[in-house]
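I opened my notebook to get to know a new structure.

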Amino acid sequence: LVVLFLCICLASTGESIHHGTFALFAQAKLQFTARDIGWAFTAAGIVMALVQGLIVGRLINRLGEEQTAAIGIILIGLSFGLFLFMFNIPSSIVFMAVFSAGIGLIRPSISAAVSKRTVTAQGAAMGILNGYDSLGRAIGPALGGLMLDQGLNLGYYTAIIISFLALLILIIGTRTSKRIVGQNN
């Protein structure tokens, strides 16, 4: 479960770097207004609802929780790179849709994985997962703001690195746990 806890913490950190700095980044980069930023976040909400309502369950059933989470992590990492090349309102909407699709895959798949892998004390495990999620949401805005102060693009570069670390931990942790389970059988 530690792998899943670390993944949600890192994914939440990257997510909240974006949430905490997007408006400032978009205003500084392209002089976006509050209305322009609102369009991007409206698209994010619609896409997340569609992904969580129509897609995530099917992907988990087909690929499993870890692979679905990995796809989500790849999507948010990709979106962070795309935001660096944002050039107008439609591009911000498309890039925000990619970001939201990723987040829409990560949280439910990691929650399902923790739930399935906890034999006893499921409530405690879910509480710990939520604690790690909250920790990432606390670290992200502060880290994003610090990086934004250092340079306009540095928040997104940091989020890309954090996403890569989350993916790496998920891949290595999943392979290690499968190998250990295989040896015990």
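**Confidence.** I began with pLDDT, the predictor's confidence in each residue, on a scale from 0 to 100. I need that score here, as this is a predicted model. I looked up the average and found a mean pLDDT of 94 for the protein. I also noted that 98% of its residues reach 70 or more. Next I asked which element has the lowest mean pLDDT. That is helix α6, residues 154-184, with a mean of 89. Helix α3, residues 65-83, has the highest, at 97.

**Overall build.** I counted the elements: six helices and zero strands. From the N terminus on, they run α-α-α-α-α-α. I then checked the radius of gyration, which is 17 Å. The globule rule gives 16 Å for 185 residues, so the protein is as compact as a globular protein of that length. Along its principal axes the trace spans about 60 × 35 × 25 Å.

**Contacts and surface.** I looked at contacts between residues at least 6 apart in sequence, and 81% of them join residues at least 24 apart. I asked how much of the protein is buried, and 45% of the 185 residues count as such. The accessible surface comes to about 9300 Å². Carbon and sulfur atoms own 67% of that surface. For charges, I found 11 positive and 6 negative. Their mean positions are 10 Å apart.

**Two loop residues with positive phi.** I picked out Q31, which sits in the loop between α1 (2-30) and α2 (34-63). Q31 is not a glycine, yet its phi is positive, about 55°. Is Q31 buried or exposed? Its relative accessible area is 55%, over the 50% mark, so Q31 is exposed. I then turned to A121, in the loop between α4 and α5 (122-150). A121 also has a positive phi of about 55° and is not a glycine. I read 51% for the relative accessible area of A121, which makes it exposed.

**N88.** I moved to the loop between α3 and α4 (89-117), where N88 lies. N88 has 28% relative accessibility, so I put it down as partly exposed. Which residues does N88 contact, leaving aside neighbours within four places in sequence? They are L30 and F32. I also took the distance from N88 to I171. These two are 83 residues apart in sequence and 35 Å apart in space, C-alpha to C-alpha.

**A112.** I found A112 in helix α4. Not counting residues up to four places away in sequence, A112 touches I60 and E65. A112 and I60 are 52 residues apart in sequence. In space I get 8.7 Å between them, C-alpha to C-alpha.

**S163.** I ended in helix α6, the place of S163. Is S163 buried or exposed? S163 has a relative accessible area of 6%, so I logged it as buried. Then I listed its contacts, leaving aside neighbours within four places in sequence. S163 is in contact with I73, I76, G77 and F80.

Notes. Residues are numbered from 1 along each chain as its sequence is written. This is a predicted model: local features need pLDDT of at least 70, side-chain atom pairs count only at pLDDT 80 or more; totals for chains, interfaces and linings use all residues. Side-chain values use heavy atoms; hydrogens and water are left out. Helices (H or I, at least four residues) and strands (E, at least two) are DSSP runs, numbered from the N terminus. The radius of gyration is taken over C-alpha atoms; the globule rule is 2.2 Å times the number of residues to the power 0.38. Buried means under 20% relative accessible area, exposed over 50%, partly exposed in between (1.4 Å probe, protein chains only). Contact means heavy atoms within 4.5 Å. Accessible areas come from the Shrake-Rupley method with a 1.4 Å probe; for residues, only the protein chains shown count as cover. Lys and Arg count as positive and Asp and Glu as negative; His and the chain ends are not counted. The place of a charge is taken as NZ of Lys, CZ of Arg, CG of Asp or CD of Glu.
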